[in-house]
Amino acid sequence: MVTELEKVAEIIKKSKNMIALTGAGISVESGIPDFRSSGGLWDKYNPAIYASIHTFNSNPEKIWEMIFELMEMTQSAKPNAGHVALAELEKIGFLKAVITQNIDNLHQEGGSNNVIEYHGNANTLECLKCGRKFSPETFDLAGKKIPKCPDCGQVLKPAVVFFGEMIPQNVLLESQKYAEEADVVLVVGTSAIVYPAAGIPAVAKRNGAKIIEFNLEETGLTHNGTDIFVQGPAGKTLPALVELLKK
Ligand code: NAD
């Protein structure tokens with residue numbers, strides 16, 4: 001019997017423009033909780049409040065309680081076998097780009113070169129007043145000192161897109177182009193509900209792409225766009241796919 005992964009491998013072998021859209025699920029096996037993990041960061045800090053630009057603007061000190069914990073977690077996390085498998089797919093020529101909703105830098109650390117960060121990267125701090133950007137190492141974050149812009153005194157913010165903020169225009173345009181040109185989209189570890197990133201599979205599908213979904217459980221996309229659903233942890237299913245493609 002041909003398995004779902006074998007079917008996926010056959011589709012990929014014929015593809016010319018494959019991209020991946022990843023979400024928080026791919027980093028769960030690196031120890032960073034997704035919005036659904038229980039007992040994690042997001043049980044303590046409701047993302048609707050703590051990841052909102054309106055709350056940050058009115059009370060940045062409150063949001064920094066959560067950011068200190070988030071940054072400690074992202075800075076100590078290591079890429080897992082799922083990140084490495086996507087890097088491998090790029091290296092062997094199948095994967096053209098990873099569009100990630102994650103802010104943890106783990107695709108780059110796992111070896112992927114062409115990564116579009118839809119929601120930014122927590123490894124950079126920015127001043128919303130004067131626009132300067134800083135490396136977190138410049139500040140005493142381990143000592144829980146809230147970083148302020150040395151020029152204008154404004155409390156800094158990680159260069160990630162909070163709820164209520166715009167996705168940078170260049171990121172939108174580049175992702176749209178990849179989606180329109182894709183013939184296969186690997187949708188990995190995302191609940192596919194946070195727009196506009198969640199719209200990428202539909203754009204690709206309208207242009208004829210096959211949508212392959214990798215997730216622990218079915219999502220809204222599974223019966224509304226997905227062509228093949230591969231169930232399981234991405235740290236196992238993606239390396240297994242790479243092995244099939246190398247045969
Ligand atoms: P989400 O939390 O809404 O959904 C995660 C999905 O991943 C779920 O469907 C879950 O079933 C699946 N999943 C969990 N573990 C998995 C595994 N081992 N293998 C495969 N699938 C797995 O995440 P989202 O769709 O990315 O949306 C949440 C938003 O929060 C995004 O915008 C993202 O930027 C942000 N976020 C980022 C991080 C990070 O950078 N690591 C972490 C949490 C949230």
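Does A192 count as buried or exposed, and at what relative accessibility? Keep that residue in mind while the tour begins elsewhere.

This is a predicted model, in which local features need pLDDT of at least 70 and side-chain atom pairs count only at pLDDT 80 or more, while totals for chains, interfaces and linings use all residues. Residues are numbered from 1 along each chain as its sequence is written, and side-chain values use heavy atoms, with hydrogens and water left out.

Select strand β4, residues 120-126, and then β6, to which four bridges join it in an antiparallel run; within β6, P158 is the bridge partner of L125. Helices (H or I, at least four residues) and strands (E, at least two) are DSSP runs numbered from the N terminus, and two strands pair if DSSP finds at least two bridges between them.

Move to K144, in the loop between β5 and β6, where phi is positive, near 60 degrees, in a residue other than glycine. K144 is partly exposed, with a relative accessible area of 47% (buried means under 20%, exposed over 50%, partly exposed in between, with a 1.4 Å probe and protein chains only).

Finally, go to the loop between β7 and α9, where A192 lies. A192 is not a glycine, yet has a positive phi of about 55 degrees, and at 14% relative accessibility A192 counts as buried. The loop between β7 (184-188) and α9 (200-206) also holds P196, joined to Y195 by a cis peptide bond with omega about 10 degrees.
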